[in-house]
Amino acid sequence: MNKITLLMHCQDQSGIIAAVSNFIAEHGGNIVYIDQHVDREQNIFFMRLESEFVTDTLDLDYLKNTFKTTLVKQFAMKWRIYTSEIQPKMAIFVSKYDHCLYDILGRYKSGELHVEIPFILSNHLDLKPIAESFGVPFYHVPVTKDTKPEAEAKQLELLKKHKIDFIVLARYMQIISPKLINEYPNKIINIHHSFLPAFVGAKPYHSAYKRGVKIIGATSHYVTEDLDAGPIIEQDVARVSHTQAIDDLIAKGRDLEKIVLATAIKHHINRKVMVFNNKTLIFY
């Protein structure tokens, strides 16, 4: 059985849901999930739809072309259609922190993530043994102020060679260049603590501890040229108190980072995220 996921948005108008539903039915599909949202301020209609086709010979190209020449033209849609038969290819970028990498690889090996991981890339060698233990190729691409352009060229070469669909920054401590961002718009997922911008710098948990914070958190978002200001995919928080030491805050924070990043990755893999004007819609 073939399954497709349709994501679309356009100006809100009458008859969109009926037209799309009829199109799916006419081509032998059965809708198993549908959700929609209307942004009243901008008058934009959003929809996510999953449909199953009993036939084993679904011609996806024909379906896309027919959809494009009929409904897309009629409603002036922005749209994407994906099939569940194709696993997206995910590259992981890391530096020295290992907690997110271990979590992702554990979920990957257990079959929790419907994705391929062609390689792990790092600007340090510290996490190479982890990649080797999970049987994932590891590339060391050092980055310095003087070698950054060469390093980015090597990164792009590897990404294109392995036909990577999206990138996960699992605590990769380097600023991503506009060139790489433009190659992968809304396809680079980052994770950071939610203290920004109040607690910036190398030791945010230490700063937060000194201020006596009552909650800590983590945020996963798509990378844009505006540092740490891209569309937010997932967030979570945990309460802390004065009885907890800095190490306790760091441990809780890292647990949150793992869960939030994993959830963001799943949303992206399962095509549950739509981005519009630097804001995300998450269809649960």
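Trainee: How far apart do the end C-alpha atoms of residues 5-84 lie?

Mentor: Happy to start there, and keep in mind that this is a predicted model. UniProt, in an unreviewed entry, places the feature "domain: ACT" at residues 5-84. The span is 34% helix and 42% strand, and its end C-alpha atoms lie apart by 8 Å.

Trainee: How are α1 and α2 oriented to each other, roughly parallel or roughly antiparallel?

Mentor: Take helix α1, residues 16-26, and helix α2, residues 60-75: their axes are 11 Å apart and the packing angle is about 165 degrees. Angles over 145 degrees count as roughly antiparallel. The two helices, α1 and α2, are therefore roughly antiparallel.

Trainee: Which residues of α1 meet α2, and what is the hand of the crossing?

Mentor: On the α2 side, the contacts involve Leu63, Thr66, Phe67, Thr70, Leu71 and Phe75. Their partners in α1 are Ile16, Ala19, Val20 and Phe23. As for the hand, α1 passes α2 in a crossing that is right-handed.

Trainee: What about α3 and α8: are they oblique or roughly parallel?

Mentor: Helix α3 covers residues 99-109, and its axis is 9 Å from that of α8, at an angle of about 45 degrees. That angle makes α3, relative to α8, oblique.

Trainee: Which residues of α3 meet α8?

Mentor: Good one to follow up on the model. The crossing of α3 past α8 is right-handed. From α8, Arg254, Glu257, Lys258, Leu261, Ala262, Ile265 and Lys266 take part. Facing them from α3 are His99, Cys100, Asp103, Ile104 and Arg107.

Trainee: Why do the buried residues of α7 line one face of the helix?

Mentor: In α7, residues 204-211, the buried residues are Pro204, Tyr205 and Ala208. Looking down the axis of α7, these buried residues line one face because they fall within an arc of 95 degrees.

Trainee: Is aspartate 228 buried or partly exposed?

Mentor: UniProt's unreviewed entry gives Asp228 the annotation "active site". Aspartate 228 sits in the loop between β10 and β11 (232-239). Buried would need a relative accessibility under 20%. At 33%, aspartate 228 counts as partly exposed.

Terms used:
Residues are numbered from 1 along each chain as its sequence is written. This is a predicted model: local features need pLDDT of at least 70, side-chain atom pairs count only at pLDDT 80 or more; totals for chains, interfaces and linings use all residues. Side-chain values use heavy atoms; hydrogens and water are left out. UniProt positions are given in the numbering used here, feature names are shortened, and annotations may be inferred rather than shown by experiment. Helices (H or I, at least four residues) and strands (E, at least two) are DSSP runs, numbered from the N terminus. Buried means under 20% relative accessible area, exposed over 50%, partly exposed in between (1.4 Å probe, protein chains only). The arc is that of the directions from the helix axis to the C-beta atoms. Axes are lines fitted to C-alpha atoms, for helices over the stretch in contact, and angles run from 0 to 180 degrees between N-to-C directions. Angles under 35 degrees count as roughly parallel, over 145 as roughly antiparallel, 65 to 115 as roughly perpendicular and the rest as oblique. A crossing is left-handed if the near helix is turned anticlockwise from the far one by less than a right angle, and right-handed if clockwise. Contact means heavy atoms within 4.5 Å.
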